[in-house]
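Notebook open. I am going through one model today, residue by residue, and writing down what I look up.

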Amino acid sequence: MITVASRLRAATLSLALTTLPAVAHAEDAPYPQAHNGDGAVTGGYSLSRWAEDWTAKADPAKRDDPIDRLKYIPLDDDGDIYLTLSGELRLRVNQTTNPNLREAEAQRQDINRIVGGADLHIGEHLRFYGEIAHGGIGGRNLGVPAATLRNDVVIQQSFVEARTDIGEFDVGVRYGRQEFTDGPNLLTSQRDNNTIRYTMNGWRFYARGSKLRFGAFDFRPTAYGDLGTGDDVNDPARRFSGATVGVMLPKTFLGNSSLAFDTFLWRRHNDVGAWGGRIGPATRWYLGGWLRGDVGPVNLDWSVNRQWGYYMDQDISAWQAFIAQTYRIGKGKDAPRVGVHFDYASGGGGYGDGKLRNAYSPFGNNIYFSYQLYLTPSNLRAVTPNVSFTPVSKVRVTAEYEFVWRDNVHDAIYRANGQPFAGTQNGRARKTAEVARLQAIWSIAPRLTLTGRYEHLQAGPGLTDAGYKNSDFLAGWLSFRF
């Protein structure tokens, strides 16, 4: 499994409030960062930059270079008020043959991302965070790039967060534009593959003890525009809300383990839902469970969710199950891992008048099934053996081979944006594709990485019977973060 996401106004450049990022506030050990809903931190860095804690850089002896001074800038004599600056520059090239799986000249995308963030802490109870981003694109056969690929400047995040300790619990609320990843990666993700990340607008509440946590939220997604300042708005057609309860399981559970279990209840409403060529209102509920963590050398990431509600005049009844595990061969952190993931997403009803059985992910990690975004967890069954290893120091390679079928042959095959491959609903072949994928990440320095990806999608009869072709994808990018 690859482990792998409005405009410039001077007055809002650094507004975002949060607890000191998920490090110990209560007397007991804090809820583990990797499982607290903000995302894992590796080597000091996180995909969501506000989840990082750089207070160690207050000590000059722990600064490795001049850039470290930007991670902790005291603004008072006691150091209770301080500023952390962050940023990223990413230069990327994508090459895709037979774009959209149609026989055509190859597409090349030359993409750049520039991000700057500021994190202002006022004591331990208040934080303001702000982040601006730029996305640029050039190349050949681009079509009309989405606003998540081409955008002069956006306020990507801007929120305020307040927190306090109540007994053994760290309690807080965050309000504003923010990334939200408190759920399985295939349901909620920042979508780092995009140039401009996926963000939400609204409030999020949390309460975290050492073994138990609770969260609740109410959001509208950001509708990005690319025509001028002020065109990035809260999407009036969509709303996403819900709650999560999480618990750290006893270490004796399944032997010597470190496991977290979450259960969640979500609601997603969309005034302009689209299935089978129709557009209309949809309300979808999600009830799910998520188990992840380590059992000795085995890493687990298992989740199942039940979906129900309505789409126009159809009742919704759908399921998803994502069952991934890897086994570490050796004891070091760079030891090879072998694994397999089994993925299921129900299908059917998208082109019928019975129940709508198509599963749908709110805003999941789109590259999990296809770097080219040609597959998505709706009307899908997949089995994917994989291996990851470190052939030389600081280079991590992951390879996988994916077998994909559709769940219901009377329904279409869907791509990552939720749109069907036109005509596939008329065929009856079950086999969708086989996908070979390779990724290599070279950690040149703590702040500098070089990533390469290759994918070959061999279209199965479910696609070829409707006139679709095979495709190759090659990408590489250099990312500098501070």
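Does Asp407 count as buried or exposed, and at what relative accessibility? I looked it up: Asp407 comes out at 12% and counts as buried. That is under the 20% cut-off for buried. I note here that the model is predicted.

**Entry: the partner of Asp407.** I followed the side chain of Asp407 to Arg381, and the two meet in a salt bridge at 2.9 Å, N to O. Arg381 sits in strand E16, while Asp407 is in the loop between strand E17 (395-405) and E18, so the pair ties together parts 26 residues apart in sequence. Arg381 has 34% relative accessibility and counts as partly exposed.

**Entry: Ser388.** I moved on to Ser388, which is also placed in strand E16, residues 380-389. Is Ser388 buried or exposed? It counts as buried, because its relative accessibility is 11%. I then checked its side chain and found a polar contact of 3.1 Å with the side chain of Arg396. Leaving out residues up to four places away in sequence, I list Pro336, Arg337, Arg396, Val397 and Thr398 as touching Ser388.

**Entry: salt bridges.** How many salt bridges does the count come to? I get 28. I picked out Arg447 and Asp65, whose closest N and O atoms are 2.6 Å apart. This pair links distant parts of the chain, 382 residues apart. Arg447 is in the loop between strand E18 (431-445) and strand E19 (448-459). Asp65 is in the segment before strand E1 (73-74). I compared the two ends for cover. Arg447 is buried, at a relative accessible area of 14%. Asp65 counts as partly exposed, at 28% relative accessibility.

Next I took Arg238 and Asp235, whose side chains meet in a salt bridge of 2.8 Å, N to O. Arg238 counts as partly exposed at 26%, whereas Asp235 is buried at 10%.

I also looked for linked bridges. Which residues form a network of salt bridges? I wrote down Asp38, Asp182, Arg204, Arg208, Arg213, Asp262 and Arg292.

**Entry: Pro145.** Where is Pro145? I found it in the loop between strand E4 (126-140) and strand E5 (151-166). Pro145 counts as buried, because its relative accessibility is 12%. With residues up to four places away in sequence set aside, Pro145 touches Ile137, Arg150 and Asp226. I also took a C-alpha distance from Pro145 to Asn358 and got 28 Å. Those two residues are 213 apart along the chain.

**Entry: a surface patch.** Which residues make the nonpolar surface patch of about 330 Å²? I noted Leu89, Leu91, Ile114 and Phe480. Leu91 has 46% relative accessibility, so I logged it as partly exposed.

Notes. Residues are numbered from 1 along each chain as its sequence is written. This is a predicted model: local features need pLDDT of at least 70, side-chain atom pairs count only at pLDDT 80 or more; totals for chains, interfaces and linings use all residues. Side-chain values use heavy atoms; hydrogens and water are left out. Patches are made of residues with over 30% relative accessible area and no salt bridge: like charges are joined within 9 Å, nonpolar side chains (Val, Leu, Ile, Met, Phe, Trp, Tyr) within 5 Å. Accessible areas come from the Shrake-Rupley method with a 1.4 Å probe; for residues, only the protein chains shown count as cover. A salt bridge is a side-chain nitrogen of Lys or Arg within 4 Å of a carboxyl oxygen of Asp or Glu. Buried means under 20% relative accessible area, exposed over 50%, partly exposed in between (1.4 Å probe, protein chains only). Helices (H or I, at least four residues) and strands (E, at least two) are DSSP runs, numbered from the N terminus. A polar contact is a pair of N or O atoms within 3.5 Å; within protein, one must be able to donate a hydrogen and the other to accept it, and residues adjacent in sequence count only if both atoms are side-chain atoms. Contact means heavy atoms within 4.5 Å.
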